[in-house]
Amino acid sequence: MRTATATAAAVTTSLLGAGAAAVAAGRYAAAAALRPRPGQPLPGGPRLSVHRATGDRVTLTRSLASLAPGTHGLDAPGVHAVVGSVVEDADHGPDTVVRRLLAVTHGRLGPGTRVTLTPRIHVGDPRTALGLDHADVDVPGELGALPAWFVPEVRDTWVIAVHGLGGTRENPMAVMPFLRRMRLPVLDLAYRGDLGAPDSPDGLGHLGASEWRDLDAAIRYALRYGARNVVLHGWSTGATMALYAAERSALADRIAGLVLDSPVLDWHTTLRGLAASRGTPAALLPLAVRAAESRAGLRADHRGPGADPGALRVPALVFHGPDDTLAPWGPSRRFAAARPDLVTLHTVPRAGHGAMWNADPAAYEERLRRFLTPLL
């Protein structure tokens with residue numbers, strides 16, 4: 001009996017130890033998933049090999065990513081290039097695809113270079129990348145100064161641009177030439193966790209649940225310096241921040257409209273994708289997601305943005321598509337269906353997370369023009 005008791009105690013201790021280790025590993029994975037990584041590739045984007053780069057063409061490893069329609073960046077350490085559409089009449093091999101090479105902005109794109117397809121097409125700042133005059137400004141935030149680029153124009157409606165997961169202030173530069181043609185001033189914001197901005201107190205991201213207050217600070221800044229009202233244009237968690245601001249800001253009455261690109265409305269799926277991308281074993285993913293939800297303040301009773309469609313009071317244009325594996329398309333569809341009076345959903349097929357403009361720049365900008373014109 002003593003031997004059986006001792007064995008049972010040993011097994012129980014072993015199980016408790018394994019359980020504690022699993023919980024600890026889940027918490028570690030959760031912290032890794034929530035830690036901001038501006039400019040780092042998002043999950044779901046495979047590494048591609050450059051087979052050849054000559055003149056205005058580049059040959060890449062064939063995959064769903066390299067076949068994606070539209071205009072994209074190619075990123076590698078010390079290298080950045082911009083590619084256009086697939087060259088349909090090129091001599092494609094069974095394992096390769098040929099795309100138009102629009103620019104090599106940094107480094108050298110040679111055979112064997114391992115690259116990632118990315119929504120970021122510009123590097124630098126609005127002046128060096130686009131030739132646009134801008135001012136480097138500091139927006140006073142609750143945690144400290146938030147760096148931003150301000151591109152001036154003549155209208156008194158400002159667009160406040162907010163990047164999302166894996167992005168930086170460089171990502172919104174894709175739409176700056178279009179907004180310049182619309183004569184709209186742009187404030188392109190860095191927020192907590194970004195390079196040059198304060199860290200959040202716990203060093204983690206919260207999928208917009210706390211970051212929206214930095215966007216609120218940007219609204220105050222815009223109104224202080226001449227804006228009559230603002231349009232919030234957010235990508236990914238930046239779109240989530242915009243929804244939070246529209247629902248919670250004391251200045252919500254000065255928000256004329258929302259442009260939501262790939263909004264994160266189902267944080268459970270997004271956290272699972274982030275945890276998996278950081279190498280979390282499949283068996284630990286449920287623990288990691290629960291721990292991440294707890295650490296980010298996204299518990300089961302938390303009401304995320306868009307959870308109450310009746311709270312929306314301004315027009316919103318949503319760009320999203322069924323191929324976004326990080327922020328599911330379904331919640332955007334339900335959000336639009338619940339408020340057809342205010343929400344317009346533009347479905348973008350074959351576009352990855354945060355890459356709705358990249359898939360078809362002309363169509364994206366035409367939808368944006370139609371949405372913005374009545375708000376000016």
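In which order do the six strands of the closed barrel run? Select them: the order is β1-β2-β5-β4-β3-β6, and the pairing is antiparallel. Strands here are DSSP runs (E, at least two residues), as helices are (H or I, at least four), numbered from the N terminus. Two strands pair if DSSP finds at least two bridges between them. From one strand to the next, the twist averages 45°; axes are lines fitted to C-alpha atoms, for helices over the stretch in contact, and angles run from 0 to 180 degrees between N-to-C directions.

This is a predicted model, in which local features need pLDDT of at least 70 and side-chain atom pairs count only at pLDDT 80 or more, while totals for chains, interfaces and linings use all residues. Residues are numbered from 1 along each chain as its sequence is written, and side-chain values use heavy atoms, with hydrogens and water left out.

Val58 stands opposite Arg99 in β5.

Next, select the open sheet of eight strands, in the order β7-β8-β10-β9-β11-β12-β13-β14, with mixed pairing. β7 (135-141) and β14 (343-347) are at the edges; each has a single partner strand, so one side of each lacks a neighbour in the sheet. With direction ignored, neighbouring strands of this sheet are turned by 20° against each other on average.

Now look at β12 (residues 255-261) and β13, which run parallel and are joined by four bridges. Asp261 has Phe319 in β13 as its bridge partner. Helix α8 (residues 330-338) packs on the sheet and touches β12, β13 and β14; contact means heavy atoms within 4.5 Å. The direction of α8 makes about 145° with that of β14.

Turn to the rings. The structure holds three aromatic pairs (Phe, Tyr or Trp rings, for Trp the six-membered one, with centres within 6.5 Å; planes under 30 degrees apart are stacked, over 60 edge-to-face, the rest tilted). Tyr221 and Tyr225 have ring centres 4.6 Å apart and planes at 35°, so this pair is tilted. Tyr221 is buried at 10% relative accessible area, whereas Tyr225 is exposed at 51% (buried is under 20%, exposed over 50%, partly exposed in between; 1.4 Å probe, protein chains only).

Finally, select Phe319 and Tyr364. Their rings are stacked, 3.8 Å centre to centre with 15° between the planes. Phe319 lies in β13 (residues 316-320) and Tyr364 in helix α10 (residues 361-372), 45 residues apart. Phe319 is buried at 0% relative accessibility, and Tyr364 is buried at 1%.
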